[in-house]
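Keep the model in view as you read.

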Amino acid sequence: MEFEKSTLIELKRKFDSITNTEEKENVEFWYARDLQEQLGYTQWRNFLEVIKKAMISCESAGITISDHFAEVSKMIEVAKGAKRKVQDYMLTRYACYLIAQNGNSKKQEIAFAQTYFAVQTRKQEIIEDRIKLMNRLEAREKLRESEKLLSRNIYERGVDDLGFARIRSKGDSALFGGLNTNAMKQKYGVKETRPLADFLPTLTIAAKNLATEMTNYNITQKDMYGENNITNEHVDNNLSVRNMLNKRGIRPENLKPAEDLKKLERRVKIEKKKMADNEKLPKEKNA
């Protein structure tokens, strides 16, 4: 179904106008009775059937219905200023999307809503991806800086680049339950030329960083020299971090690899551009 530009603008304005925000959790939601009107349903009983179908779709997808459809009651005005209590629902963006998918697609409002909430749902996914990316990038940069400092510290204390690689690998072996850097790369399917940290989940990156920061601190405080002494220190620190994680039931070597940071960064940028392009209204055709 094609829309004129003016119709698109008006429909988008109407859907935007009924958005609510739960202040405490800062979560967007819509009331079903507001949505009913914007979707072109005049009778609540007819719209309720669409809501029930959407709930079935939600359950079939393995998603908890109550997380997206919260039944509430509200007071509405009737004749002569009187009020009565009626049934309503608080709906998440995902719930609205399912309702639109289960509505009468012959209705112009439904056809628009299917696109509107699909775009909004995808936008949220992109936002969440971006937050995850930022968290991983931040953790990765902290690890990069702490390893750079470690390299500088040990170089000043008689350890060369090859020694640094050996120290880091033995630290990894302590953290990953006997698997050194190369073994973890093989387990995760990482090319030899790529850094292991680019494929680690945020938690593991943070664990490696903590152990490295502890090593840097003790090298300075204890005025340590030589590869053997520094290796023992770094191994002990990684073992301490591993023990802490183990107490919480976490085995770093058993965590699934994360998406390649470089690929994730590119994908988020591409998706962000696509979303911006998709939200552009169609240009008016020349008469």
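This is a predicted model: local features need pLDDT of at least 70, side-chain atom pairs count only at pLDDT 80 or more; totals for chains, interfaces and linings use all residues.

Q: What kind of pair do the rings of Phe29 and Tyr31 form?
A: Planes over 60 degrees apart count as edge-to-face. The ring centres of Phe29 and Tyr31 are 5.2 Å apart. Their planes stand at 85 degrees, so the pair is edge-to-face.

Q: Is Phe29 buried or exposed?
A: Buried means under 20% relative accessible area. Phe29 has a relative accessible area of 10%. Phe29 is therefore buried.

Q: What is the angle between the planes of Tyr41 and Phe47?
A: Both Tyr41 and Phe47 are buried. Their rings form an aromatic pair, 5.3 Å centre to centre. The pair is tilted, with the planes at 50 degrees.

Q: How are H8 and H9 oriented to each other?
A: Two packed helices are described by the angle between their axes and the distance between the axes. Helix H8 spans residues 202-221, and helix H9 spans residues 227-247. Their axes come within 9 Å and cross at roughly 140 degrees. The two helices, H8 and H9, are therefore oblique.

Q: How many charged residues does the contact of H8 with H9 have?
A: From H8, the residues that meet H9 include Leu203, Leu210 and Met214. From H9, they include Ile230, Glu233 and Val241. By class, the contact has 10 nonpolar and 6 polar residues, and the charged residues number 1.

Q: Where is Asp223 found?
A: Asp223 has a phi near 50 degrees, a positive value in a residue other than glycine. At 46% relative accessibility, Asp223 counts as partly exposed. Its place is the loop between H8 and H9.

Q: How many Å apart in space are Ala70 and Met90, C-alpha to C-alpha?
A: Ala70 sits in strand E3, residues 69-77. Leaving out residues up to four places away in sequence, Ala70 touches Asp88, Tyr89 and Met90. Ala70 and Met90 are 20 residues apart in sequence. In space, C-alpha to C-alpha, the distance is 5.0 Å.

Definitions and conventions. Residues are numbered from 1 along each chain as its sequence is written. Side-chain values use heavy atoms; hydrogens and water are left out. Axes are lines fitted to C-alpha atoms, for helices over the stretch in contact, and angles run from 0 to 180 degrees between N-to-C directions. Helices (H or I, at least four residues) and strands (E, at least two) are DSSP runs, numbered from the N terminus. Angles under 35 degrees count as roughly parallel, over 145 as roughly antiparallel, 65 to 115 as roughly perpendicular and the rest as oblique. Contact means heavy atoms within 4.5 Å. Ala, Val, Leu, Ile, Met, Phe, Trp, Tyr, Cys and Pro count as nonpolar, Asp, Glu, Lys and Arg as charged, and the others, Gly among them, as polar. Buried means under 20% relative accessible area, exposed over 50%, partly exposed in between (1.4 Å probe, protein chains only). Rings of Phe, Tyr and Trp (its six-membered ring) pair if their centres lie within 6.5 Å; planes under 30 degrees apart count as stacked, over 60 as edge-to-face and the rest as tilted.
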